[in-house]
Amino acid sequence: DEQEEYLSHPKSTAEVALDFQGFPESEFIILQHHELPSGQGFPQSINSHQITALSCVSIVANNFVCEFSQKGVSKTSISRILNTFTETYDTGNFKKPLASLRKFFKT
């Protein structure tokens with residue numbers, strides 16, 4: 001039951017987001033926040049060309065912050081994270097958010 005609940009939480013939470021006033025795209029971001037560029041994410045198993053650009057921004061930003069908090073604050077950690085992200089996110093609708101992140105850190 002817990003696994004099913006975990007796998008279905010993006011859909012159920014996205015439904016709640018429909019009630020948010022002034023944030024019409026929030027349900028897409030919430031629904032797609034566990035999707036992967038390869039199409040192996042969930043709940044929809046959609047690929048980097050099917051995930052909305054706004055969701056890609058959110059996914060890249062969230063995953064960068066998670067990695068950064070685990071690896072520590074240093075130029076080396078940023079460089080390593082961005083190199084790994086390039087392998088994963090340099091495709092489809094993830095390309096521009098990744099390029100912006102790299103530009104922000106001037107790498």
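Before we start, one cut-off: a residue is called buried when its relative accessible area is under 20%, exposed when that area is over 50%, and partly exposed in between. Also keep in mind that this is a predicted model.

**The whole chain.** Switch to cartoon. The C-alpha atoms fill a box of roughly 40 × 30 × 25 Å along the principal axes. Colour by accessibility and you'll find that buried residues make up 31% of the 107 residues.

Select Asp 1, which sits in the segment before helix H1 (2–17). Is Asp 1 buried or exposed? Its relative accessible area is 87%, so Asp 1 is exposed.

**A nonpolar patch.** Next, pick Val 16, Phe 20 and Phe 23, and show the surface. These three make a nonpolar patch of about 310 Å². Phe 20 belongs to the loop between H1 and H2, and with 40% relative accessibility it counts as partly exposed.

**Aromatic pairs.** Time to show the rings. A pair of aromatic rings is described by the distance of the centres and the angle of the planes. How many aromatic pairs does a search of the whole structure find? The search finds seven.

Go to Tyr 6 and Phe 42 for one of them. Their ring centres are 5.5 Å apart and the planes are at 50 degrees, so this pair is tilted. It links distant parts of the chain, 36 residues apart: Tyr 6 is in helix H1, while Phe 42 is in the loop between helix H2 (26–32) and helix H3 (53–71). Tyr 6 is partly exposed at 44% relative accessibility, whereas Phe 42 is buried at 19%.

Then jump to Tyr 89 and Phe 94. Here the centres are 5.1 Å apart and the planes meet at 40 degrees, so this pair is tilted too. Tyr 89 has 6% relative accessibility, which is under 20%, so Tyr 89 counts as buried. Phe 94 is buried as well, with a relative accessible area of 0%.

**Last stop: the ring cluster.**

How values were computed:
Residues are numbered from 1 along each chain as its sequence is written. This is a predicted model: local features need pLDDT of at least 70, side-chain atom pairs count only at pLDDT 80 or more; totals for chains, interfaces and linings use all residues. Side-chain values use heavy atoms; hydrogens and water are left out. Helices (H or I, at least four residues) and strands (E, at least two) are DSSP runs, numbered from the N terminus. Buried means under 20% relative accessible area, exposed over 50%, partly exposed in between (1.4 Å probe, protein chains only). Rings of Phe, Tyr and Trp (its six-membered ring) pair if their centres lie within 6.5 Å; planes under 30 degrees apart count as stacked, over 60 as edge-to-face and the rest as tilted. Patches are made of residues with over 30% relative accessible area and no salt bridge: like charges are joined within 9 Å, nonpolar side chains (Val, Leu, Ile, Met, Phe, Trp, Tyr) within 5 Å. Accessible areas come from the Shrake-Rupley method with a 1.4 Å probe; for residues, only the protein chains shown count as cover. A salt bridge is a side-chain nitrogen of Lys or Arg within 4 Å of a carboxyl oxygen of Asp or Glu.
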